[in-house]
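Trainee: Could you show me how to read helix packing and a chain contact in a model like this?

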Amino acid sequence: MFVSACLSALYVPDKISSFHRYDTSSDMWSLGCMVFELLTGDLLFDPRSGDDYDRDEDHLAMFQELLGKIPKKIALGGKHSKRFFTKKGDLIHIKQLKYWPIDEVLYEKYRFPRKEAQEIAKFMLPLLEFNPKKRATALEMLSSPWLQDTT
Amino acid sequence: MDTSQAVIILLNSERFTINGKPVYQRYPQPLCSILETYLFSLSTCLRYVVIKKLGWGHFSTVWMVLDRRPEKPVTQWSSDPRYETSFHYVALKVQKSAEHYTEAALDEVELLDSIAQERRSAENLLANNQFQKQPKDSDGVPITTNLLNSQHVATFKDSFFHSGPNGKHMCMVFNMLGCNLLSVIKAFSYQGIPIPIVKKIIKGVCMGLDFLHRKCKIIHTDLKPENVLLQFANPDRAAKSPVNAKADALDESSDVSDGADSVTSAISELEATMRDPRVSAPEKSKARQRLSQLKRQEATNHDGWADQRSTTMPLSPQTFLSDSQMDEIVRSDGGSSGRQSQDSSSNGALPSYVSKQLPKSRFISQNFSVQQEAVLTPWENAFKELANVSSPSKSEVSSYLDGNGVGFAEVSFVLRAFVTEGELADNVSAALGVRYERNFEGGVMRTWRCGISMNRSAVPQKASKPNHVPPMPPPSCATMFEILQQSRKSLSTSERKAREELVNLVSANFSAEGGPKGSYSGSNSTSCPPYSLFTVRFSVLSSVVVLAFLESRLPGLTFLAYKRDEGSPRIDPIVFGEFDEKICRHPLAMKLKNTQHIDGDIPDCQNIVASALIGIDLRMVKSFAARPTPGGDGVASFELTGQSMDVVRGWWSARRSLLSRVRFFMGIDPIQDLPPLLTDEESGSTCSKNESNIESPSKLNEPSEARISNAEDAMAYTTNPDLKDTNILLNSRAVIVDLGNACWTHRHFSEDIQTRQYRAPEVLIGSK
């Protein structure tokens with residue numbers, strides 16, 4: 001018993017150090033994508049590769065068009081950062097980004113009433129927070145005003 | 001063998017294990033229609049019976065299986081009566097057998113186990129802190145909330161290894177759930193799901209995620225619409241187990257609101273039930289179902305954005321007169337309870353020739369009993385009083401028989417022809433109340449097409465039911481069948497010979513001399529009395545209804561259940577011979593013996609028992625010496641009249657109820673065990689198909705209201721309801737499934753996670 005407990009204690013931190021790339025917060029991002037898809041029937045992000053950029057870069061471009069610029073610290077803090085970003089934190093290949101925030105998309109493209117679009121956006125944004133540490137948890141989302149009128 | 005082509009039968013893992021592994025058998029799918037797999041439920045050693053394939057992925061296939069030994073829910077929490085079914089269907093996930101799949105599955109089982117354990121420990125915490133008003137966890141979240149949240153994560157029930165020809169498969173058993181969210185998105189034509197439904201769903205997913213993340217320390221890593229399933233509430237469930245519902249409600253604190261309203265309604269129904277003196281009556285619970293159904297409909301109608309379709313919803317197959325439906329009608333008929341009555345013996349006035357003969361042939365004793373009380377069984381009585389007979393068109397009948405998804409059966413019967421076949425046909429027409437249609441296909445062929453509908457409004461409403469809150473709906477339910485009369489001349493010589501032999505062998509089983517096996521000396525010399533051959537074609541699900549109806553209308557006709565080797569003399573060579581398909585073709589004829597030797601091998605032929613139904617006019621039995629009696633018009637009577645019919649009448653009244661004969665023939669109870677209608681979830685057309693099938697008979701009566709019987713109840717559960725019905729969706733529960741890619745917060749299995757479109761930026765960038 002004692003031995004195995006010790007072994008697993010040694011084992012666990014090692015795993016953590018090498019694979020700490022994602023956490024429960026990653027599920028919350030997916031949830032944000034799902035909310036949009038259920039409401040509109042369309043995928044929130046459906047990236048495609050282009051002539052001079054790959055699908056991942058397109059994906060990152062879409063993030064920023066919808067949610068604003070990815071903080072430099074996060075953009076440059078990853079294992080694959082150099083693949084996508086310049087030292088300034090801009091995408092290497094995709095230069096032109098057109099910011100179109102969620103509430104505008106819902107209002108203009110999907111014809112949600114302005115107020116409703118804003119409420120939905122307010123619900124979705126904490127889920128689509130770039131910084132995983134700042135992203136809303138499931139428990140926090142449960143007390144979100146948007147969910148209060150449902151049983 | 002490709003798994004998609006196989007039906008896997010899993011045996012009780014405790015009783016049948018080799019080296020600790022459960023034993024299983026595989027049979028090629030083409031052998032068995034889906035219904036036929038139910039044959040295996042004969043065998044008590046089977047625990048999981050595979051019904052159909054639900055889906056498949058890269059690593060596994062998921063099957064819908066019937067758990068024949070369901071565990072009793074330990075606490076109120078593990079079973080919410082609103083979502084429970086009377087049929088214990090579970091989903092069985094069978095992992096592919098390659099080693100790395102098995103390893104992945106072991107990880108999954110570990111995760112699932114910890115979820116189940118977390119749930120249990122929360123239950124224990126609650127149980128051990130009864131006196132604390134609101135026990136909370138370290139995050140200050142009430143334990144009750146955690147338990148409610150846990151219901152939004154797939155419930156893992158069991159896991160085991162299943163050794164197949166391709167190796168070891170990890171099997172995981174889960175609760176059955178409904179469709180996934182992608183199909184809901186599709187149901188709304190990719191135009192978006194109404195906001196209230198989205199809110200409800202997202203709240204459920206949040207609850208499930210909170211339990212996974214905070215309590216279980218598990219990351220799902222593949223959250224997407226495909227991995228969230230809806231569990232549809234059974235409107236009647238709460239009513240069926242009112243005690244549970246009440247317990248739930250009492251334990252739910254004010255800040256826990258999940259489903260509180262439906263529990264409240266359950267309570268009010270419960271109260272209504274309490275006021276009623278006859279709480280346990282089955283129709284009571286049916287009535288409650290009805291009420292909740294009505295409430296739902298009402299709610300839909302008042303709903304601003306309710307879809308138009310919900311009010312003009314097509315008649316579902318609930319109007320189908322299945323055996324279980326009929327059983328209910330008979331029971332609620334106020335008369336003696338249909339199925340028990342035959343056991344309550346009353347008169348011993350049965351002729352001695354019957355009682356003497358019974359022990360001599362198992363075949364005979366299975367079909368006749370000395371404990372018969374009345375000439376008319378309750379079913380026959382119900383037919384007499386409540387049945388409406390209609391004559392649907394050819395296309396209606398054929399689309400009905402082909403279209404209900406379960407297939408039809410054909411059973412032949414011979415009627416004694418004291419008159420010409422044509423005159424006999426007129427008698428049959430008069431008895432059924434339906435004209436025949438004549439055609440010539442290699443000899444004269446007559447066809448009767450009948451629809452039977454039971455008009456429940458004919459049931460006298462008892463005055464002693466003042467508190468019977470919901471008035472019984474005035475529904476009718478209907479089934480259709482078709483009878484063919486094939487002229488004797490059109491039969492081939494060999495078939496005619498086989499038919500005659502069959503009659504003679506059956507006769508010999510009745511005759512006083514038919515004692516020891518083999519005393520019958522063959523029949524080449526003996527001819528049989530003149531007869532006319534009929535075949536009835538009916539839906540498998542209303543076997544008892546149709547056959548009982550025929551017995552109630554055609555005097556002398558008896559459908560005898562025959563099981564292999566049980567005749568004295570044996571009838572096997574004929575019944576299971578060249579013309580077996582023509583004598584009786586029924587997908588539920590037993591094909592497997594409940595043998596003690598099932599040990600992983602495909603059973604050999606010796607273990608196979610077959611059964612058949614033999615339809616015979618008792619006047620065909622030679623030793624009964626029936627003689628024609630002139631009827632009113634001078635022609636031989638169709639009825640069992642006259643002195644020479646005494647023996648026939650004696651036997652006729654000694655018939656066991658058709659239900660018990662059919663039960664014996666099928667090896668299962670057509671009412672208790674018969675599966676619901678199974679429809680392919682992908683075929684969206686099924687619904688409309690059913691609509692056209694079902695509509696025609698009910699058109700003859702008042703527009704029928706849907707009623708739910710056990711089997712159909714389960715059907716509603718196993719097939720997806722109208723996914724655009726906002727009310728159904730609002731009453732569903734979102735459940736997170738597929739932890740096949742999940743991992744611990746402290747131990748990840750893979751770097752490459754999440755389906756592209758749902759992938760988080762940190763995964764893309766590779767945060768350190």
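This is a predicted model: local features need pLDDT of at least 70, side-chain atom pairs count only at pLDDT 80 or more; totals for chains, interfaces and linings use all residues.

Trainee: At what angle do α1(B) and α2(B) pack?

Mentor: Two packed helices are described by the angle between their axes and the distance between the axes. Here helix α1 (residues 99-128) and helix α2 (residues 143-150) of chain B pack at about 150 degrees, with axes 9 Å apart. They are therefore roughly antiparallel (an angle over 145 degrees).

Trainee: Which residues of α1(B) and α2(B) meet?

Mentor: From α1(B) come Arg119(B), Ala122(B), Glu123(B), Leu125(B) and Leu126(B), and they meet residues of α2(B) including Ile143(B) and Leu147(B). By class, this contact has five nonpolar, three polar and two charged residues. Nonpolar means Ala, Val, Leu, Ile, Met, Phe, Trp, Tyr, Cys and Pro; charged means Asp, Glu, Lys and Arg; the others, Gly among them, are polar.

Trainee: How many residues of chain A are in contact with chain B?

Mentor: Contact means C-beta atoms, placed from the backbone, within 7 Å. By that rule, 47 residues of chain A are in contact with 51 residues of chain B. On the chain A side, α2(A) gives the most, with 13 residues. That side has 26 nonpolar, 13 polar and eight charged residues.

Methods:
Residues are numbered from 1 along each chain as its sequence is written. Chains are lettered from A and ligands numbered from 1 in the order in which they are written. Axes are lines fitted to C-alpha atoms, for helices over the stretch in contact, and angles run from 0 to 180 degrees between N-to-C directions. Helices (H or I, at least four residues) and strands (E, at least two) are DSSP runs, numbered from the N terminus. Angles under 35 degrees count as roughly parallel, over 145 as roughly antiparallel, 65 to 115 as roughly perpendicular and the rest as oblique. Two residues are in contact if their C-beta atoms, placed from the backbone, lie within 7 Å.
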